[in-house]
Amino acid sequence: MRFIYSRWNDELFLQLRQMRDLMSIFNQLLLRLNGDVKQALKVLRQLQKMGYISAEYDIKQFEKDLLDKNIITMENNKPVLTRKGERGIRRDSFEYIFKRLKSSGAGSHATNRGGGDSEEILPERRAFNYGDNFNNLDLRGSLLNAINRTGSLGMDLSENDLEVYETSRNTSCATVILIDISHSMILYGEDRITPAKQVALAFTELITTQYPKDSLNIVLFGNDAREIKIKDLPYIGVGPFLTNTKAGLQMARQILLRKKNPNKQIFMITDGKPSLIRKPDGREYRNPIGLDPVIVNRTLDEAVVCRKKSITITTFMITDDPYLQEFVRKLTELNRGRAYFSKADNLGDFVFYDFFKNRKRSA
C-alpha cells in the first residue's frame, strides 16, 4: 500500500464541504418545490440572508459547480435538472431513508404469502447432498476430486466426489407505488407529499440499481389516477383534488396483471379518506364530508378484486384520524394485506422494512 502526502489545501476542503452540505439542502428544496431549480436556488440565497446557511458558503460558486458538473443545465434561459441531477435526488433520498432505517427499531412484519422464486447460482461450492439439483453440479470440481482420489484420468466418479454450487432464492416482485396527491397532503400547513416522494425516489433507486429484474411503477391518484415515469417523480405536486382511491387501486391492479412476476403488491401512501368515485357513465360522484357509504363500498370492492388476483395492498396511512384508520382497517381485512399508521417523518422505515421481508430468502 502506498501513501501520497501533499500540502493541506484548506480552500479545496472548504469547497468540497460546501458542495456536499449545500447539495443536501438543495435536493430537499427541489423535493418541496417540485423540481423547480430556479426557485430552489432563490430560496437557498434567502436562507443564507436569514442566517440559516453560513455566510462562508459561496452559493454563486455552488450554482456554477452545478452547471459544470452537469447537474443542472439551461433551457430557454431557465435552469433545469439534467438526468444526472434527477439521479442525484434519488441517491440522496436513498441514503437518507437507509440512514434512518439502520438506526430505527422497527419490528418484524411477517409475509402473508411466499410468492414465486427464481434460483441464482452463487460462486461458493459444497459437497453434494441427496436431493440436490444436478443442474447446479460443478463438473470441473467434481472431476478434480475424482482424480485426486484415484490418481487416474478415468471417469471413476463416486457420490463423495460430487460438488454443487450454492444457490439463493429471490422472490421476484412487481410493485406499484400509489401516491395520494389530493389537497389534504398539504392541508393545514403540514407537508406530507415531500416524504411520500422521498420514499418513492429511494425505492426507485433501490430497485433499479440492486434488483434490476424486479419492476416498479408509480401511480398518482387525486380526482383520477395516472401513471408517471420514474424521471417525473421529483416534479410531482398536489392539486385541488379529492381522493379517488378506487381509481388508484384499479389502475395499479391493471398494471400488475400485465406483469409476469409471481409476487405482486401495491404500496399505497395516503392521508385521506376516499371522497370521490366515477360512475359507469363517467360522471363524478363526490362527497368530501365524512365516510360516504357509496364511495367507501365501491373502494372496498376493489380491495376484494385485488385479493382474488393475489395482489396484496399495503397501506401507509399518514394520519391519526380514527375514522380514516377504521376505513383502512376494513380495506386491509378484505384484501388480507397490511396497514401501518404513522407520521410522515417515519414513513420510510415501514416501507423498506416490509419490502425486504418479502424480498429474499436463502435456499
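**A tour of the model**

Modeller: Gladly! Buried residues make up 46% of the 363 residues in the protein, where buried means under 20% relative accessible area, exposed over 50% and partly exposed in between, with a 1.4 Å probe and protein chains only. This is a predicted model, in which local features need pLDDT of at least 70, side-chain atom pairs count only at pLDDT 80 or more, and totals for chains, interfaces and linings use all residues. Residues are numbered from 1 along each chain as its sequence is written, and side-chain values use heavy atoms, with hydrogens and water left out.

Colleague: How many helices and strands are there in the protein?

Modeller: Helices (H or I, at least four residues) and strands (E, at least two) are DSSP runs, numbered from the N terminus. On that basis, the protein has 10 helices and 13 strands.

Colleague: At what angle do α8 and α9 pack?

Modeller: Axes are lines fitted to C-alpha atoms, for helices over the stretch in contact, and angles run from 0 to 180 degrees between N-to-C directions. Angles under 35 degrees count as roughly parallel, over 145 as roughly antiparallel, 65 to 115 as roughly perpendicular and the rest as oblique. Helices α8 and α9 are therefore roughly parallel to each other. Helix α8 (residues 293–308) and helix α9 (residues 322–335) have axes 8 Å apart and pack at an angle of about 30°.

Colleague: Is T315 buried or exposed, and what is its relative accessible area?

Modeller: T315 lies in strand β11 (residues 311–317). Contact means heavy atoms within 4.5 Å, and, leaving out residues up to four places away in sequence, T315 touches M268, T270, V328, L331, R338, A339 and Y340. T315 is buried, and its relative accessible area is 0%.

Colleague: Which residue in β12 is the bridge partner of M317?

Modeller: Two strands pair if DSSP finds at least two bridges between them. Here four bridges join β11 to β12, and the two run parallel. In β12, the bridge partner of M317 is F341.

Colleague: Which residues form the covered face of β2?

Modeller: In a regular strand the side chains alternate between the two faces of the sheet. Strand β2 (residues 78–81) pairs with β1 (residues 72–75) in the antiparallel sense over four bridges. The uncovered face of β2 holds K78 and V80, and its covered face is formed by P79 and L81.
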